[in-house]
Amino acid sequence: MSRIGKLPIEIPKGVKVVLDDTLVSVQGPNGKLARQVMSCVTINVGESSVEVTRNDESTAARAAHGLTRTLINNMVVGVTKGFQTDLEINGVGYRAEVKGKELVMALGYSHPINFPIPEGIVIDVDKMTKVSVKGADKELVGQTAAKIRSFRAPEPYKGKGVKYADETILRKAGKTGKK
């Protein structure tokens, strides 16, 4: 039995979980999320908790058991608290700002980078070098942060680029001159 899969998911007040065949919908104060789940697991929605059980002991059912429970739990947490990923921009002249529904970044290229903000994501920029990506969908928040980071990944010599706030860049020594 999966250690994660057998744990019940507590449903906080103000959150509504609806199961329609293999479509799980979660609605709360921060929005509404829906996801298709595999048919090899059974979801039981109770008054105050959701339980995920597998139908058989096949490899697919065992693999989907803990995954399905975690995905539903992330949906419940997302519509109540939400998720946030912080990014830092390092480099001379590197900056970001939000203009309308776009994140405009100057990252050392000859042109600014205009990144359209996806639906359901809120991006805040503090002091032009700290970017916060917030939203209810954990997968979308992580994918958006990774896309922003990919425009100029941090380089190992001076550390210039876009990095996660909790990321550590391993620095390399540069070339040494003739002796």
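This is a predicted model: local features need pLDDT of at least 70, side-chain atom pairs count only at pLDDT 80 or more; totals for chains, interfaces and linings use all residues.
Colleague: How does the radius of gyration of the protein chain stand against that of a compact globule of 179 residues?
Modeller: Along the principal axes, the C-alpha trace of the protein chain spans about 70 × 45 × 25 Å. A compact globule of 179 residues would have a radius of gyration near 16 Å, whereas the value for the protein chain is 21 Å.

Colleague: What share of the residues of the protein chain counts as buried?
Modeller: The secondary structure amounts to two helices and 13 strands, and among contacts with a separation of 6 or more, 49% join residues 24 or more positions apart. Taking a relative accessible area under 20% as the criterion for burial, the share of the 179 residues that counts as buried is 35%.

Colleague: At which residues does UniProt place the feature "domain: Large ribosomal subunit protein uL6 alpha-beta"?
Modeller: In the model, residues 11-82 are 31% helix and 39% strand, with end C-alpha atoms 15 Å apart, while the span 91-164 is 18% helix and 41% strand, with its end C-alpha atoms 14 Å apart. According to the UniProt record, which is an unreviewed entry, the feature is placed at residues 11-82 and 91-164.

Colleague: In the open sheet of three strands, which are the edge strands?
Modeller: The order of this sheet is E2-E3-E4, and its pairing is antiparallel. Each edge strand pairs on one side only, and the two in question are strand E2 (16-20) and strand E4 (31-36).

Colleague: Which residue in E3 is the bridge partner of aspartate 20?
Modeller: E2 and strand E3 (residues 23-28) run antiparallel and are joined by five bridges. For aspartate 20, the bridge partner in E3 is leucine 23.

Colleague: Is threonine 68 buried or exposed, and what is its relative accessible area?
Modeller: Threonine 68 is found in helix H1 (residues 59-80), and, leaving aside neighbours within four places in sequence, threonine 68 is in contact with Val37, Val41, Ile43 and Val52. A polar atom of the threonine 68 side chain also lies 2.6 Å from the backbone oxygen of alanine 64. Because burial requires a value under 20%, threonine 68 counts as buried, its relative accessible area being 4%.

Colleague: Why is one side of E11 and of E13 left without a neighbour in the sheet?
Modeller: The four strands form an open sheet in the order E11-E12-E7-E13, with antiparallel pairing. One side of each is left without a neighbour because strand E11 (121-126) and strand E13 (161-164) stand at the edges, each with a single partner strand.

Colleague: Which residue in E12 is the bridge partner of glutamine 84?
Modeller: Strand E7 (residues 83-90) and strand E12 (residues 130-135) run antiparallel, and six bridges join them. Within that pairing, the partner of glutamine 84 in E12 is lysine 134.

Colleague: Which helix lies across E7, E11, E12 and E13?
Modeller: The helix in question runs at about 5° to E7. Lying across E7, E11, E12 and E13 and covering residues 138-150, this is helix H2.

Note on methods. Residues are numbered from 1 along each chain as its sequence is written. Side-chain values use heavy atoms; hydrogens and water are left out. Two strands pair if DSSP finds at least two bridges between them. Contact means heavy atoms within 4.5 Å. Axes are lines fitted to C-alpha atoms, for helices over the stretch in contact, and angles run from 0 to 180 degrees between N-to-C directions. UniProt positions are given in the numbering used here, feature names are shortened, and annotations may be inferred rather than shown by experiment. Buried means under 20% relative accessible area, exposed over 50%, partly exposed in between (1.4 Å probe, protein chains only). A polar contact is a pair of N or O atoms within 3.5 Å; within protein, one must be able to donate a hydrogen and the other to accept it, and residues adjacent in sequence count only if both atoms are side-chain atoms. The radius of gyration is taken over C-alpha atoms; the globule rule is 2.2 Å times the number of residues to the power 0.38.
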